[in-house]
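Dear colleague,

My notes on what was found in it follow after that.

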Amino acid sequence: MKIISSLFLLLIAACAFLYTPTEARIAQPQTMTDVAFNGEKITKTNAQWKRVLTPAQYTVLRKSGTEAPYSHPYTKLKAKGTFHCAACKLALFSSENKYDSKTGWASFYQPIAAANVIESEDTSNPMETRTEITCARCGGHLGHVFKDGPQPTGLRYCMNGVALKFMPAAGSTTTKRRATARRS
Ligand SMILES: [Zn+2]
């Protein structure tokens with residue numbers, strides 16, 4: 001009896017899956033609205049990345065470059081919104097977790113979701129072994145994380161602004177200003 005009821009439940013689950021509209025089942029990794037990484041990675045050749053990134057973005061994201069301190073407007077940006085990967089648009093950091101580290105780079109004390117960034121050991125600087133942060137979806141280099149950040153984490157995610165794409169929160173002053181500009 002137990003086996004029969006289990007099989008029946010399985011049948012119901014299978015039917016529910018089959019009747020789910022196709023578009024609901026297919027993940028849409030390239031939207032600007034997703035928050036937690038769904039595990040579907042994006043891989044492109046260097047030539048393909050070169051076609052979709054600016055030279056500055058390519059140098060940082062694909063060649064692990066570092067932008068000059070204070071060179072990017074995101075360092076001092078205080079607007080409310082979300083910072084996405086400039087290459088694959090995965091949401092990475094929230095303005096809620098941004099702070100002024102006075103280092104010259106956009107700094108956050110935590111990512112938007114732990115699954116959205118990958119930590120790995122970076123030994124490229126012989127003077128200091130650092131922890132590199134890359135985008136979990138496309139593997140793009142974003143920056144490094146250091147243990148001198150503010151509470152509650154004590155961490156400083158030191159990010160290259162050029163590797164990020166800021167999306168203002170709905171109803172934020174930036175959005176309102178843009179809407180006004182469009183109307184006039
Ligand atoms: Zn990415």
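Six strands form an open sheet in the order S3-S4-S8-S7-S6-S5, with antiparallel pairing, where strands are DSSP runs (E) of at least two residues, helices are DSSP runs (H or I) of at least four, both numbered from the N terminus, and two strands count as paired if DSSP finds at least two bridges between them. Strand S3 (98-99) and strand S5 (117-122) stand at the edges with a single partner strand each, so one side of each is left without a neighbour in the sheet. Within the sheet, S7 and S8 pair over four bridges in the antiparallel sense, and His144 stands opposite Cys158 in S8.

Please bear in mind that this is a predicted model, in which local features need pLDDT of at least 70 and side-chain atom pairs count only at pLDDT 80 or more, while totals for chains, interfaces and linings use all residues. Residues are numbered from 1 along each chain as its sequence is written.

Strand S1 pairs with two other strands. Five bridges join S1 to strand S9 (residues 164-168), the two running antiparallel, and His84 has Lys165 as its bridge partner in S9. S1 also pairs with S2, again antiparallel, over three bridges, with Thr82 opposite Ser94; these two strands form a hairpin with five residues between them, and Lys89 in the turn has a positive phi of about 75°. Four of the five residues of S1 are buried, so this strand is largely enclosed by the rest of the structure; here a residue is buried if 20 or more other C-beta atoms lie within 10 Å of its own, exposed if 12 or fewer, and partly exposed in between, with C-beta atoms placed from the backbone.

In H4, Gln57, Val60 and Leu61 are buried, and the buried residues fall within an arc of 85° seen down the helix axis, so they line one face of the helix; the arc is that of the directions from the axis to the C-beta atoms. The face turned away from this buried side carries the exposed residues Pro55 and Lys63.

With best wishes
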